Amino acid sequence: MASTSHAYPLFGGTTDLPDVVTDDLASDHPLRNAVLALGNFDGFHLGHQALAGMAHRLAAGRPVAVMSCEPHPRSFFCKENAPFRLATPATKRWQLGQYGVDFIYSPLFDHAFAGLSPIEFVDRILVDALGVRGVIAGPDFRFGNRRAGDMSLLSELGAARGFSVSIAPDITHAGVRVSSTLIRAAIQAGDLHGASRLLGHGWLVETRQTPNGGLKLHHDLCKPRAGRYVGFVDGPDGRGERRCIDITSAGEFLPLGPQAVRATPTMWRLEAQVVRKRPDVRQVPFRPADNAQKPIR
Ligand SMILES: Cc1cc2nc3c(=O)[nH]c(=O)nc-3n(C[C@H](O)[C@H](O)[C@H](O)COP(=O)(O)O)c2cc1C
Ligand SMILES: Nc1ncnc2c1ncn2[C@@H]1O[C@H](COP(=O)(O)OP(=O)(O)O)[C@@H](O)[C@H]1O
């Protein structure tokens, strides 16, 4: 049911991108009667993926949707001083497309939206604007002004209004609940292997051209510890290739060797921090593609 097809060789082929819905769906819109997963889904980690899988099973052929407010509520409430996001909207859209999500409900998170009471959110958004058949979220999901609504209130309201409310079990890794916060901490420590294990995929980042022709991490993304990294990018022949880059504390990408003069890609999968054994080692050889997840030393 998703609309636009988009090819990213880096990510392994073509995917149908979900529609992005920012407003009410008309009463006869085919995307009504969806099962909607609630939250922000930054990074689309293992917990989020399990939730999306459950939404698919509950939907049983009806549309599957994911909520993702913009800006991220954490930026709106200024809970973070530094950039913190694990994924840009474009990357998230591609990831959700890979999971067969039909649409992303992405309302503007402003004072008016944040000020909706839990009952207003249910009546105005879930029932009137989207006409959901069911919703699903983790046990910790909070909604409505001052986070006043919880899953038990949502279950009551759903039963009264005729949509189903499902609570997803916690997904853990090594005994700890997987969360975006945990993944950010791993990235900030330069532990991209640890981050990838919790994400369930490599960390996909977008870069931007700087005015002086360089490359910089997208300004909303959390910054990995400054150092030398191996990243995987789309090559000029449509196949992927591995490159070495130094990432500065400001998020600048400094390509090494002859690749520095090549056209600069905008999407990378950052795979590993290069641990230097000897201080005089300047270049690190590329590893074969099938070694993607092994540490490079
Ligand atoms: C309609 C609606 C209104 C919300 N209003 C608030 C709010 O006033 N204050 C707040 O902290 N979170 C509010 N939230 C919750 C945020 O979406 C978000 O879950 C939370 O702030 C993110 O914090 P966390 O990442 O620490 O869980 C609201 C959510 C919804 C759906
Ligand atoms: N480890 C997990 N197991 C199960 N559900 C999860 C997990 N992490 C997040 N969720 C659920 O996924 C949805 C999106 O979560 P969100 O708050 O955006 O992610 P996070 O807590 O990782 O920042 C919410 O309904 C949340 O309860």
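How closely do the axes of helix α7 and helix α8 come, and at what angle do they cross?

## Packing of α7 and α8

In this predicted model, the axes of α7 (residues 180–188) and α8 (residues 192–199) come within 7 Å and cross at roughly 160°. That angle makes α7 roughly antiparallel to α8, a label for angles over 145 degrees. Axes are lines fitted to C-alpha atoms over the stretch in contact, with angles from 0 to 180 degrees between N-to-C directions. The crossing of the two helices is left-handed, meaning that the near helix is turned anticlockwise from the far one by less than a right angle.

From α7, Leu182, Ile183, Ala186 and Ile187 make the contact, and from α8, Leu192, Gly194, Ala195, Leu198 and Leu199; contact requires C-beta atoms, placed from the backbone, within 7 Å. These residues comprise 8 nonpolar, 1 polar and no charged (nonpolar: Ala, Val, Leu, Ile, Met, Phe, Trp, Tyr, Cys and Pro; charged: Asp, Glu, Lys and Arg; polar: the others, Gly among them).

## Chain and conventions

The protein chain has 8 helices and 16 strands, taken as DSSP runs (H or I, at least four residues; E, at least two) numbered from the N terminus.

Residues are numbered from 1 along each chain as its sequence is written, chains are lettered from A and ligands numbered from 1 in written order. Local features need pLDDT of at least 70 and side-chain atom pairs count only at pLDDT 80 or more, whereas totals for chains, interfaces and linings use all residues.

How values were computed:
Parallel < 35°, antiparallel > 145°, perpendicular 65-115°, else oblique. Contact = placed C-beta atoms within 7 Å.
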